[in-house]
Structure formats: structure tokens, C-alpha cells
Amino acid sequence: MYAYDQYDQAMVDARVAEFRDQCERRLAGKLSEDQFKPLRLMNGLYLQLHAYMLRVAIPYGTLNGGQMCVLADIAEKYDRGYGHFTTRQNIQYNWIKLEDAADILADLAKVEMHAIQTSGNCIRNISSDHFAGAAADEVADPRPYAELLRQWSSFHPEFSYLPRKFKICVIASENDRAAMRLHDIGIRIVERDGELGAQFYVGGGMGRTPMIAPLIRDFVPLDQLVTYSEACLRVYNRYGRRDNKYKARIKILVHELGAEEYTRQVEEEFAHLLDQGVEPPLAELERIKGYFRDPDMPDAGQEADRSDPDFAVWLDHNTHAHKMPGYVSAIVSLKPVGGIPGDATAAQMRVLADLAERYSFDELRIMHTQNVVLPHVRKADLYALWQALNEAGMGTPNADLMGDIIACPGLDYCSLANARSIPIAQRISQRFAANGKEAALGELKLKISGCINACGHHHAGHIGILGVDRKGTENYQLLLGGSEAEDTSLAKITGPGFDELGIVDAVETAADVYLRERTEGERFLDTYRRIGMAPFKEALYD
Amino acid sequence: MTEQVPLRLREDEACMEPAVTLEAFGGQTNAVAVRIEPGEDTRELLPHLDRLRRIDIAFPAFTDGRGYSAARILREAGFTGELRAVGDVLVDQIAYMRRCGFDAFDPDASLDPDDVEAALNRFPQVYQSAADARTPIWSLRHQ
């Protein structure tokens with residue numbers, strides 16, 4: 001994985017000093033809260049319902065054991081002993097004091113981490129495929145491109161006061177495991193006639209106006225990646241709406257101009273920028289690629305022993321095919337039955353760090369589904385790994401099943417939320433553990449947001465739940481048919497909402513319709529797409 | 001009586017002519033200073049850059065970042081006159097403004113010169129090529 005050189009380290013250290021100075025000026029009254037707010041946001045510091053929340057960047061979701069240990073230390077030293085992994089492959093701490101923020105950033109900087117641009121109207125942490133560099137279906141490891149763009153977008157002088165936040169995702173497979181087309185810019189590295197280049201999808205997003213990004217360029221040569229990104233951003237910075245916060249994302253600009261006109265403007269800007277020398281040389285991309293070389297993975301030639309039936313279940317659900325024979329990627333579930341999706345204690349983080357060092361070449365990945373991946377595990381080590389995970393409460397065999405719920409922090413923490421998300425996730429997880437239907441249901445992606453900002457990705461859930469405020473009480477709308485994968489689709493609302501107990505029943509009703517109607521080999525999503533909304537509505541409301 | 005520009009990072013003599021609006025500029029062929037508002041297309045000025053000594057770029061609110069693009073576009077087109085950031089210009093944005101080509105600042109509220117000095121020298125290097133002369137890190141790595 002990437003390692004800082006003296007330049008990267010100096011930049012992060014300077015940022016810590018800058019933020020310390022800004023905090024001091026704020027505490028001394030030299031900066032107003034209005035002036036301070038965008039500055040603290042660009043360092044990941046939000047003001048929530050009960051305290052400050054700090055969001056730490058985990059670039060493209062990749063980190064090592066030592067970094068995970070520091071995340072554990074921060075949870076203990078500055079928070080309440082746990083952290084929350086997010087759909088942006090980051091980690092959030094929910095109980096932070098402003099006076100500690102600069103010290104936390106200094107602790108992070110010692111292990112090449114930061115909170116730069118994890119919030120604010122700037123280019124955010126760049127996300128990627130959690131199986132990057134391990135999956136068998138990639139044309140390349142997408143992370144070097146993500147790292148190139150991370151450096152380009154860090155402290156960008158022109159694009160730090162954009163109309164709204166800006167999220168970029170880079171993948172390199174036809175299979176989309178990162179919701180690529182639901183990003184402001186989704187980049188897919190592709191191969192054409194033996195040469196690698198980048199597809200650019202621009203103007204996707206969730207939020208209150210969900211949109212699937214259209215393809216605006218099918219092949220950007222690798223030595224023009226930064227220049228093309230710069231052109232996309234410049235058109236947005238100049239013409240994105242600033243009159244209405246809710247219409248300020250690039251998806252609205254692309255929608256209002258039309259993809260064709262937006263593309264024309266980008267191409268014009270791109271042609272101009274090609275002469276401006278903004279593109280790093282290919283040698284820089286090669287330098288970065290050097291950090292992402294495959295570890296030496298000799299084929300041990302051994303399959304996992306499936307004789308323990310509980311282990312076999314975990315193996316079937318929580319491992320993913322690896323490009324190297326004898327290896328798999330293992331998914332560590334942070335979704336125990338009835339637990340808070342994505343939460344991990346400091347002790348669990350240390351276990352993960354230790355297991356990564358022992359079994360996965362000291363590498364971990366954070367998934368947008370709020371789980372963790374050990375990317376390169378020898379099949380022969382899987383049983384020992386599974387036992388250790390079980391001991392730490394992280395061996396739940398539910399990847400992509402009903403219990404693997406994405407949920408935003410909701411009204412338990414977030415000042416924007418209209419309704420709680422976590423208790424709904426907990427109840428559904430408990431219900432389906434108790435009724436034994438989870439295994440029968442198979443792949444079913446349930447996603448819960450506590451408000452229309454959609455941090456819980458409800459638009460992209462096979463089943464989505466949206467919490468709203470109805471005359472002062474929490475109400476939950478049910479959505480069906482979304483997907484964040486390569487077959488991207490947006491979920492549709494079934495009809496009137498439910499109260500907090502009713503929504504759990506409604507999810508079970510929808511699941512039962514699927515179990516009744518499905519044909520051989522169909523997932524929930526496939527059945528929904530075949531039979532449509534009507535049978536579900538009938539079961540839910542008649 | 002001459003107005004003082006609070007902060008100027010150029011050696012030449014300040015052009016203190018009043019700036020005309022972009023709209024008025026079309027009809028006033030003798031104007032040497034013009035002011036660009038956030039919603040205006042700065043590229044309309046490109047055919048006339050050789051007769052302009054100063055361009056003011058307005059920041060009605062520091063959170064509106066359109067002026068950064070306007071400044072870079074003018075520098076990319078070869079404008080060498082004074083580029084002045086006017087309005088809600090705060091010390092924490094000055095370093096980015098400088099990188100986008102601004103070399104004069106006329107803020108609504110005066111800036112502490114020590115804070116400005118610290119802000120401009122905060123980051124030892126830069127990651128991108130922009131409108132200033134700084135060498136990006138990717139170039140330093142491959143020299």
C-alpha cells in the first residue's frame with residue numbers, strides 16, 4: 001500500500017499546524033463560528049447533536065495494522081472506546097472535544113493519516129473497490145489512480161470552495177462494488193486494444209434528488225486523468241448552482257444542462273487545459289504503482305477444511321474470490337445480530353490489526369457496507385482466522401444478507417436526521433435472526449437513512465428505508481428495487497410510511513412476497529424487477 | 001487623495017483607477033480596470049487583456065469559490081496585470097487565492113499582516129500546478 005515520502009508527510013504536518021492555529025484563533029475569538037465552520041469541516045470536524053464528530057479519512061478504504069491500532073488508541077483516548085465505520089470507507093468518532101481535535105490530527109499524522117477534506121464543500125476522500133488489487137475480475141488495481149487523484153485534490157487551490165461537496169470513486173472492474181455511478185465523478189479503469197484508460201461517469205449521487213451518473217467520456221488516456229478531472233471540476237465550480245444548497249450538487253448541473261452540453265463544456269475546458277501543464281508525468285503514476293505491488297503470495301495449494309458446518313456457512317457468505325490461487329478476501333462483519341452497523345470497539349480494532357498482520361500481509365480494507373476486509377488470506381489460514389473473529393464478535397456469517405444492514409447514524413447522533421436509523425436496523429436484524437428467514441432470503445441489501453440526505457444509501461437498497469418526520473413523530477417509508485452495483489437502479493417508494501414497529505413488519509412482508517414469488521436462482525432484486533411493485537403493494541397495504 | 005490597498009504582492013505601482021463593471025467595460029474603451037462578479041463569465045475579457053492594468057474579482061461571500069476559477073483563467077490567458085481579490089477576503093483563503101493568481105487583496109475587514117505572512121508560508125510544498133510559479137511535488141519527485 002501507499003507510503004508517504006517526505007513531501008506527503010510535510011504536507012500533513014503543515015495541515016496539523018494550520019488547524020491548531022485555526023482552533024486557537026477560534027477559541028480566542030479572532031474567527032467567528034461562521035468563518036471557522038468551513039475550516040473545521042475541511043478537517044473533518046462536524047458539530048452534531050451532542051458533541052463534535054471527527055471523520056478520519058481512510059483513502060480508498062485501505063489501511064495497515066499499525067494505522068488501525070492508532071484508530072483504536074484514538075477511540076480510547078478521546079472518545080468512548082469505539083468508532084464507527086462509514087459508507088465512505090472512513091471512520092467517525094462521535095464524542096470529540098474541540099480542544100482535542102488538533103492533538104488527534106497530530107496522532108494520526110504520525111501514522112500517515114489525516115482528516116483532510118473529509119467534509120466541507122471540497123473534493124472528499126476518494127473511494128474505491130474494497131477488493132481492489134485482490135479481485136480476480138479487475139483490469140488493474142484502481143488504487144494508484146485513486147492515490148494520484150488524492151494528491152491532486154488535496155489542498156486544491158481552485159476547488160476548495162465548491163458549490164457543494166464532491167465525491168470521486170475509482171474502480172477497475174465491470175462488477176461495481178463501490179456504487180461508482182452514484183458518485184459526483186465515477187471513474188472506471190478499462191482496457192481498450194491493450195491499453196488502459198478511464199471511463200468518466202459524471203453527475204451521479206443520492207441525497208434528496210438521486211441520479212445515476214451518465215457516461216460522459218468512454219476513454220480518457222491515463223496521462224490525461226488529472227487534466228480531465230480538472231476540466232470536470234472547473235465547469236462545475238463556475239456553473240454549479242449556488243443559490244440553493246439543495247440544488248448545488250453537480251448532478252443538478254449535469255441534469256439541467258443535459259449530459260451532452262455538460263460534456264461539450266468539459267471537452268472545451270479540457271482542450272484548453274491540456275496546454276496548461278497540470279498533468280503529472282506518467283513516471284509519477286509508475287512511482288505510485290510501485291507501492292501497490294502484489295505481496296508475494298505463494299500458492300499453498302490447500303483448500304479450507306469445511307468439516308465444521310458453522311465455518312462452512314461463514315466461508316460461503318464471507319469470502320470473495322482472489323486473483324491468486326490458494327487465497328481469498330475475507331469479509332469481517334461489523335453487523336452482529338442486534339448490533340450497531342459499522343461500530344467497532346477499540347479492542348476489536350486491535351484484533352483486526354493483529355489478524356491483518358498475521359493473515360493478510362498487514363492490510364485491511366473498509367467496505368462501503370460498513371464492514372472490514374482482510375484482502376489476501378491463505379485458504380489454509382481461514383479456519384484460524386474465523387475462530388479468532390468469532391471470539392471477538394466479528395464472525396457473523398451475513399455478508400450481503402438481510403442482517404448486513406447499512407444504516408446512517410440517524411437521530412441518535414446527527415443534527416440533520418428526522419428519525420432514528422440504528423434502532424430500526426437492530427430490530428430488523430433481530431427479527432430475521434429469530435425467524436430464521438435470513439438464510440432462505442439469500443442476497444438482500446437493506447439500507448436505512450434517517451433523513452432524505454440518504455447517507456444510509458436507501459435509494460440503492462434492494463430494500464430501502466427512509467426515516468421522515470411526520471407531524472413530530474418518526475415515520476418510515478419503504479422503498480424497493482434499488483441497486484448500487486453495475487446494474488445501478490434507484491429504489492421506488494411503496495406507498496404510505498410506517499411507524500417504527502410497522503416498518504419491521506413491512507420489511508418481513510416484502511421478504512415473504514419474494515419467498516412466495518421467486519423462481520429458481522432469483523435474488524430479491526431479480527424477483528422485484530420481474531414482478532414489479534404491485535404484488536408488494538398488495539401485500540403491504542391491502 | 002489616494003486610497004491604500006491593504007495588501008499588495010507586486011512591485012509595480014498600484015493602478016488606482018476605479019474599476020468599471022464588466023457590462024460597462026464593453027462601451028468604455030478607455031477603462032483600464034474592471035470588476036468581475038461571481039456570476040459573470042471572465043472569458044469575455046480575454047480579447048481585451050492587453051489594455052487592462054487591473055482586474056478586481058469580487059467575493060461577496062468567502063464561501064463562493066467562483067473567483068478562484070476566474071483568476072486562474074485570466075492567468076492562463078497570459079494576463080500579467082494586477083489581479084485583486086475584493087470583498088469577503090479572509091486570511092484562511094489567501095494562500096489558495098495566491099496560488100490561483102491573485103496578487104492583491106482588498107478585504108472588507110483588514111487583515112493582520114503576521115497572520116497573512118504565516119498563511120502564505122504555511123505549506124512547504126504544493127501538490128498541483130496552478131497559476132503561481134511553485135513547482136508541484138510530482139515535479140520535485142522526478143527532477
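Author: A residue is buried if 20 or more other C-beta atoms lie within 10 Å of its own, exposed if 12 or fewer, and partly exposed in between, with C-beta atoms placed from the backbone. This is a predicted model, where local features need pLDDT of at least 70, side-chain atom pairs count only at pLDDT 80 or more, and totals for chains, interfaces and linings use all residues. Residues are numbered from 1 along each chain as its sequence is written, and chains are lettered from A and ligands numbered from 1 in the order in which they are written.

Reader: Which residues of H11(A) are called buried?
Author: A:Ala346, A:Gln348, A:Met349, A:Arg350, A:Val351, A:Leu352, A:Ala353, A:Leu355 and A:Ala356. Each is called buried because 20 or more other C-beta atoms lie within 10 Å of its own.

Reader: What makes residues 346–359 of chain A a helix?
Author: Helices are DSSP runs (H or I, at least four residues), numbered from the N terminus. H11(A) has 14 residues, so the run qualifies.

Reader: How do you know what span to expect for H11(A)?
Author: The expected span is 1.5 Å times one less than the number of residues. For H11(A) that gives 20 Å, and the helix reaches 20 Å from its first C-alpha to its last. Just after H11(A), A:Phe361 takes a positive phi of about 50°.

Reader: Why are S1(B) and S2(B) called edge strands?
Author: Strands are DSSP runs too (E, at least two residues). Two strands pair if DSSP finds at least two bridges between them. The open sheet of chain B has 6 strands in the order S1-S6-S5-S4-S3-S2, with mixed pairing. Strand S1 (7–8) and strand S2 (20–21) each pair on one side only.

Reader: What makes S1(B) and S6(B) a pair?
Author: 2 bridges join them, so the pair meets the cut-off. The two strands run antiparallel. B:Arg8 stands opposite B:Ala104 in S6(B).

Reader: How many residues make the contact of chain B with chain A?
Author: Residues are in contact if their C-beta atoms, placed from the backbone, lie within 7 Å. The contact takes 26 residues from chain B and 31 residues from chain A. H2(B) gives the largest share of chain B's side, 5 residues.

Reader: What makes domain 2 and domain 4 of chain A touch?
Author: Domain bounds come from an automatic or database domain assignment. They are 142–289 for domain 2 and 406–541 for domain 4. 11 residues of domain 2 are in contact with 11 residues of domain 4. The centres, taken over C-alpha atoms, are 31 Å apart.

Conventions
Contact = placed C-beta atoms within 7 Å.
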